[in-house]
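Trainee: Please take one part of this model and go through it closely. I would like the nonpolar surface patch: which residues make it, and where do they come from?

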Amino acid sequence: MPSSQHFINHVRIPENNDWVIFILVGCIFLYVFMMNVIERDASLRDFLLQKYFDASNNLPSWIITSCVTTLTLSVLISQYIPVVPKYIADLQLFGYQLNKFGYTLLAVLFFYLIKSTFGFLFYQSIGDGKKWTIFYFTSTKFYFILTFLLIILCVAHYYFPIDRNKMFLYYLCFFSFVFIFKVFFYLFHKNKILPEKWYYKFLYICTLQIAPLLLLWKLLFF
């Protein structure tokens, strides 16, 4: 009787990350559209250094930059989500369920919508509504630069042989540094985008910077 033979399949199925390229290319096209149409062929230097009173179409630029930030951040951190919550996974739309990227995108989008809404209400409630437009004009420049760093990290994360478990700690350090830098950027920017009184500054940082971030962390990792 012939002895049984064990066959080992050495064929490795490579991970398909085409969806990452599609998203990143889409983000780049959004920026090309923004710079050529909305910003009227402005150069990168002119866009970053323009003054508030000389700028136009600030709201569309802010919306596009926020969309790119949401997409690139979701692409980068979606693979670290331990599991999609059951109450989300059970929801189906046309027979499709949300995967980790879809759930992360939904959570980050919810985070930015809540944060922006409460930011607007905060400035209106303290009687400084005009400063809100200066705030999102200034923050657009910050997030515009950040998104390019996120695009680079996405490419390195998905297309280079790195240890993703170790990289998670580096990502935590990176985003912690970005958060601290952003707070000081808002505090000391020459446009004076935060309220004048110190207790309003403290209230803004605690309730509209730290609290939403903790909520996002809870949604994604707990």
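Mentor: What follows describes the patch, then the helix that supplies much of it, and then the confidence of the model.

The model is predicted. The nonpolar surface patch covers about 690 Å² and is made by I21, F22, V25, F29, Y159, F160 and I162. Helix α1, residues 18-38, gives the patch its largest share, four residues. I21 is one of the patch residues and is found in helix α1. I21 counts as partly exposed because its relative accessibility is 35%, and partly exposed lies between the cut-offs of 20% for buried and 50% for exposed.

In the model, residues 20-38 are 100% helix and 0% strand, with end C-alpha atoms 26 Å apart. Another of the annotated spans, residues 101-122, is likewise 100% helix and 0% strand, and its end C-alpha atoms lie 31 Å apart.

As for confidence, the protein has an average pLDDT of 86, and 92% of the residues score at least 70. Confidence is highest in helix α3, residues 58-77, at a mean of 94, and lowest in helix α4, residues 86-89, at 77.

Conventions:
Residues numbered from 1 in each chain as written. Predicted model: local features only at pLDDT ≥ 70, side-chain atom pairs only at ≥ 80, totals over all residues. Heavy atoms only, no water. Helix = DSSP H or I, 4+ residues; strand = E, 2+ residues; numbered from the N terminus. pLDDT = per-residue confidence, 0-100. Patch = residues over 30% accessible without salt bridge, like charges linked within 9 Å, V, L, I, M, F, W, Y side chains within 5 Å. Areas by Shrake-Rupley, 256 points an atom, 1.4 Å probe, with all protein chains shown as cover. Salt bridge = Lys/Arg side-chain N within 4 Å of Asp/Glu carboxyl O. Buried < 20%, exposed > 50% of the residue type's maximum accessible area, 1.4 Å probe, protein only.
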